[in-house]
Amino acid sequence: MSFLVLEGLRKTYGDQTHAVRGIDLAIERGELIVLLGPSGCGKTTTLRMIAGLELATGGSIRMNGADVTSLRPSRRDVGMVFQFYALYPHLTVRENIAFPLRAAGVREAETRARVEAVAARMNLGTLLGRYPRQLSGGDQQKVSLARAIVRRPAVYLMDEPLGTLDADQRLAMRELIRADQLASKVTTIYVTHDQEEAMSLADRIVVMDGGRIRQVGTPAEVYDHPADLFVATFVGSPGMNLIPGQIGNGDSNGDGHGDGHDGTGRRFLSRQGYALDVAPGLRPGQATLGIRCEHIQEDPRGPLVGRVLTDEYLGNASNVHLETDLGRLVMRANGASRHAPGSRVRVRLDPEQISLFDSGTERRL
Amino acid sequence: MNAPPATPPADRPGAAAPFLSLRGVSKRLGRTQALSGVDMDARANELLVVLGPTGAGKTTLLRTIAGLEQPDTGSIRMAGHDVTALDPAARDVALVFQNFSLYPRWSVRRNLEFPLRAPSRNLPESEIQRRVDWAAELLTISRLLDREASRLSGGEMQRVAIGRAIVRRPRLFLMDEPLTNLDAKLREALRVELVELRRELTIPMVFVTHDQTEALSMADRIVVLSGGRILQTGAPREIYERPESPVVALQLGQPAINLLPVRRIDGHWVATDGTPLVPADPAGSDARLLGIRPEHIVPQGGDAANDRGAAGNGTAEAVVEIVEYIGPTTTLLCAWAGARVHIVIQRRGRFRPGDRIRPRIDASRAVLFEPDSQGGSS
């Protein structure tokens with residue numbers, strides 16, 4: 001049985017707001033799970049129900065085989081990490097890290113042992129007597145992480161802990177969290193709205209929207225094979241390009257306009273008449289084609305002409321926004337290339353890298 | 001998002017006289033020298049991004065341009081006229097802040113009308129409605145016009161705040177981190193919308209941010225500000241590829257540029273642990289700081305496409321400590337050349353912590369800084 005099991009978990013507030021609408025999720029011991037979604041998707045409420053800070057109005061939470069659904073927070077073996085707060089400047093590194101243990105009334109000998117263990121793991125052992133102002137920025141971050149995780153609960157629950165840090169610090173903290181979690185193997189549930197953070201940290205990502213789970217999978221699964229249109233656009237920067245159209249029978253003359261009845265292949269036909277052969281087993285009907293920006297490639301013989309709207313330079317790459325017959329598409333280009341607004345490029349869509357969705361249910365086909 | 005199709009910018013950089021010109025602007029706030037001798041130009045049709053960390057003086061700079069602060073010394077000119085002594089209203093600039101600043105109990109329409117109803121403007125009612133509808137359409141908030149501002153989402157509020165700035169058709173937009181408080185996904189969308197909107201309006205914009213992605217992707221030119229001083233001004237590619245100091249180099253790029261102390265030994269720049277990194281020419285001092293972007297280091301057996309110029313390295317082993325797969329890219333943190341080095345590959349590699357690789361530096365992309373050049377290392 002999985003270590004942490006949520007079954008039909010619900011939270012409805014008094015005013016009939018449905019924050020969480022029935023969540024089933026099984027988390028293995030030692031996993032780092034990221035709950036990802038926009039504000040209002042229910043991710044934080046789910047985390048708070050696991051912590052016991054909110055009581056579920058339906059469903060159950062089992063931890064290590066025991067039902068903890070209605071236990072008080074202190075009776076669950078969980079550690080909640082809200083944000084990596086600034087260090088106390090008047091306390092040494094040792095005192096900073098020990099602070100949560102002392103506040104919880106842990107005995108002195110044990111406090112000492114635990115502080116030294118976490119400090120050793122994070123290469124802070126020689127700095128324990130120093131004050132925060134005597135540390136580099138990177139070491140200060142390590143100390144704040146050490147302080148956050150010095151309690152060794154069975155599960156860490158982290159609610160957007162990097163929210164207030166600037167971009168460089170976020171990246172460094174992300175790496176620290178990942179390295180420490182790999183070393184300590186403490187089950188961790190991490191909440192964020194930042195899909196990049198989710199991809200970089202997670203063993204598995206749980207994508208949520210509207211109080212429901214849209215998809216559970218490894219970062220690569222969620223990115224490469226999104227379960228529905230929401231996941232396709234929410235995950236990735238930018239999200240998938242979407243092209244509405246329909247799936248019909250394959251057409252051997254290949255002009256993209258016919259609907260021959262050779263009975264073998266299937267073909268996606270956009271509303272504007274752009275055609276692409278697709279997997280034969282698909283049922284004909286209204287469909288949306290999804291393709292990532294890195295799978296739209298510049299090709300002088302490509303079938304599609306794009307007019308450059310905006311070239312978003314990102315340093316190591318560019319997102320080139322194109323106006324095409326298929327609507328607005330974003331293409332990933334090499335950072336060294338330049339695409340002036342108004343200029344034209346020919347592109348092709350990599351047929352091996354497309355996703356197809358039912359336009360009605362919005363689910364992946 | 002339904003951003004309007006953009007028209008190509010009409011101006012050629014450098015062709016027109018600057019619309020906004022700051023010369024020797026200094027400002028002291030209490031005991032802090034917030035701005036020190038700032039010389040800065042914004043061209044007539046450009047988006048100028050002022051990039052800097054918290055405390056760099058960005059907001060003071062913007063408030064000084066707006067007329068909300070008086071410089072202690074120096075002058076500000078707009079369209080050829082000295083406006084240093086003019087009050088904010090007379091400068092005809094529009095300011096958008098980080099925290100939306102709408103009237104919460106008013107409808108979106110009333111919020112948008114507000115700047116047009118100033119008695120001094122004396123606009124006919126039909127013109128007010130025309131401009132409000134125009135702005136609402138541009139920003140795709142027409143369906144929200146009758147909604148109370150307090151009931152909008154963050155992204156909608158910021159669109160309305162931008163709408164309130166554009167209805168006036170000011171001579172200059174001043175934006176103070178307008179996207180900072182929004183979700184990552186919304187920031188991404190509004191970034192592009194703002195660029196295209198501004199281009200369509202052909203009104204210059206000074207956009208202040210600490211976010212290097214916003215700076216790189218939005219700017220026609222970037223001004224890098226630190227400690228109240230301008231460190232470098234230039235096009236995004238120019239500053240990214242040819243930073244003049246380590247401080248500037250560290251401001252742009254995610255993950256940050258790798259900075260390695262090197263010494264010249266036998267015609268090579270050699271790392272502290274003795275690893276030869278790139279060929280060195282004999283001129284200048286013997287000790288430098290070598291800057292190399294994470295995407296310009298190739299892990300051996302990786303992309304062969306970037307092999308050129310990778311002489312004299314690829315010999316020393318590196319140990320992969322952390323692997324991040326973000327969408328199509330792979331980021332490695334490695335122990336190498338006596339340092340911890342980031343490597344970015346523009347595809348999904350197959351690396352695991354503990355792997356041993358032999359990185360090579362693309363020497364043509366390396367930047368060398370004098371050790372005494374301004375600022376610290378990472």
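**Note on a predicted two-chain model**

1. In this predicted model, helix H1 of chain B is followed by Gly67(B), a residue with a positive phi, near 95°. The helix itself covers residues 58–66 of chain B, and seven of its nine residues are buried, so H1(B) is largely enclosed by the rest of the structure. Its buried residues are Lys58(B), Thr59(B), Thr60(B), Leu61(B), Leu62(B), Thr64(B) and Ile65(B).

2. Chain B as a whole contains nine helices and 21 strands. Of its 378 residues, 48% are buried. When contacts in chain B between residues at least 6 apart in sequence are considered, 68% of them join residues at least 24 apart.

3. The contact between the two chains draws 36 residues from chain A and 38 residues from chain B. On the side of chain A that touches chain B, two or more residues each come from helix H5 (167–184), helix H6 (195–201), helix H7 (219–224), strand E16 (304–313) and strand E17 (317–324) of chain A. H5(A) supplies the largest share of this side, namely seven residues. Classified by residue type, the side of chain A that touches chain B comprises 16 nonpolar, 11 polar and nine charged residues.

4. Chain A is divided by its domain assignment into domain 1 (4–234) and domain 2 (241–358). A distance of 39 Å separates the C-alpha centres of domain 1 of chain A and domain 2 of chain A. Five residues from domain 1 of chain A and five residues from domain 2 of chain A form the contact between them. The side of domain 1 of chain A that touches domain 2 of chain A is made up of three nonpolar residues, one polar residue and one charged residue.

5. Two packed helices are described by the angle between their axes and the distance between the axes. For helix H2 (residues 93–103) of chain A and helix H4 (residues 137–149) of chain A, the axes come within 7 Å and cross at roughly 30°. Because angles under 35 degrees count as roughly parallel, H2(A) and H4(A) are roughly parallel to each other. The crossing in which H2(A) passes H4(A) is right-handed.

6. Which residues make the contact of H2(A) with H4(A)? From H2(A) they are Val93(A), Asn96(A), Ile97(A), Phe99(A) and Pro100(A), while H4(A) contributes Val143(A), Ala146(A) and Arg147(A). Six residues of this contact between H2(A) and H4(A) are nonpolar, one is polar and one is charged.

Terms used
Residues numbered from 1 in each chain as written. Chains lettered and ligands numbered in written order. Predicted model: local features only at pLDDT ≥ 70, side-chain atom pairs only at ≥ 80, totals over all residues. Axes fitted to C-alpha atoms, helices over the stretch in contact; angles between N-to-C directions. Helix = DSSP H or I, 4+ residues; strand = E, 2+ residues; numbered from the N terminus. Parallel < 35°, antiparallel > 145°, perpendicular 65-115°, else oblique. Left-handed = near helix turned anticlockwise from the far one by under 90°. Contact = placed C-beta atoms within 7 Å. Nonpolar A, V, L, I, M, F, W, Y, C, P; charged D, E, K, R; others polar. Buried ≥ 20, exposed ≤ 12 C-beta atoms within 10 Å, placed from the backbone. Domains from an automatic or database assignment.
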